[in-house]
Amino acid sequence: MGLSVHLRSSSARDVERASRGSVLLAASAPTQRRRRHRAVSAQGLVEFAIIGPVFFMMMFGLLDMGRAVWTSHELASGTREGSRYVMVHGTAGTWNGAVPVEARVLDSTSALQGSNLTVSVTGAPGIVGGFATVSTSYRFDFIVTQIIGRGSITMTQRSRIVIQS
């Protein structure tokens, strides 16, 4: 009978198949390997296409939340610096409303942009022992949600102080 058995490797499984009567053809082994490789590659590509965007949105969202917390902290710190400015310059009349206070808030922070910041000062600036309130609001733009056309929130801070000089 001129039937020959070709083993593609010397693994124990192939030897066992050959002993049970399975015939492995030498030409079919590389073809099966290529098909299996293509199927595995395509499966990985499909899995990445499903999971990849979700993973990247979560990572960038996490970075955006960190930026938001940092900006909120900077806004609170700037508001306190603005209220200190009003406290020290309250009776001298040099603070003249919110313009120098806004400049002081921007000078004391690194994360705030002047175009998104609004500062208002209310109270009795000329009276020692009087109260003054510095209110700030800042429009924060999220990077991730700008991709879909939305994504800004308004952060507000308020500081009330007693004018001492």
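Me: Is methionine 155 buried or exposed, and what cut-offs lie behind the word?
Reply: Buried means under 20% relative accessible area, exposed means over 50%, and partly exposed is in between, with a 1.4 Å probe and protein chains only. Methionine 155 has a relative accessible area of 9% and is therefore buried. This is a predicted model, in which local features need pLDDT of at least 70 and side-chain atom pairs count only at pLDDT 80 or more, while totals for chains, interfaces and linings use all residues. Residues are numbered from 1 along each chain as its sequence is written, and side-chain values use heavy atoms, with hydrogens and water left out.

Me: In which strand does methionine 155 lie, and with which residues is methionine 155 in contact?
Reply: Helices (H or I, at least four residues) and strands (E, at least two) are DSSP runs, numbered from the N terminus. Methionine 155 belongs to strand S3, residues 152–162. Contact means heavy atoms within 4.5 Å; once neighbours within four places in sequence are set aside, the contacts of methionine 155 are Ala68, Thr71, Ser72, Leu75, Thr136, Ser137, Tyr138 and Phe140. Arginine 139 is 16 residues from methionine 155 in sequence, with a C-alpha to C-alpha separation of 6.3 Å in space.

Me: How many salt bridges does a search of the whole structure find?
Reply: Side chains of opposite charge can pair when their charged atoms come close. A salt bridge is counted where a side-chain nitrogen of Lys or Arg is within 4 Å of a carboxyl oxygen of Asp or Glu, and the search of the whole structure gives four. One of them joins aspartate 141 to arginine 139, at 3.4 Å from N to O; aspartate 141 is partly exposed at 22% relative accessibility, and arginine 139 is partly exposed at 39%.

Me: What separates arginine 67 and aspartate 64 along helix H2?
Reply: Because they are three residues apart in helix H2 (residues 28–88), about one helical turn separates arginine 67 and aspartate 64. Their side chains meet in a salt bridge of 2.8 Å, N to O. Aspartate 64 is buried, with a relative accessible area of 4%, whereas arginine 67 is partly exposed, at 31%.

Me: Which parts of the chain does the pair of arginine 104 and glutamate 81 link?
Reply: Arginine 104 and glutamate 81 form a salt bridge whose closest N and O atoms are 2.8 Å apart. This pair links distant parts of the chain, since arginine 104 is in helix H3 (residues 99–107) and glutamate 81 is in helix H2, 23 residues apart. Arginine 104 is partly exposed, at 34% relative accessibility, and a network of salt bridges links Glu81, Arg84 and Arg104.
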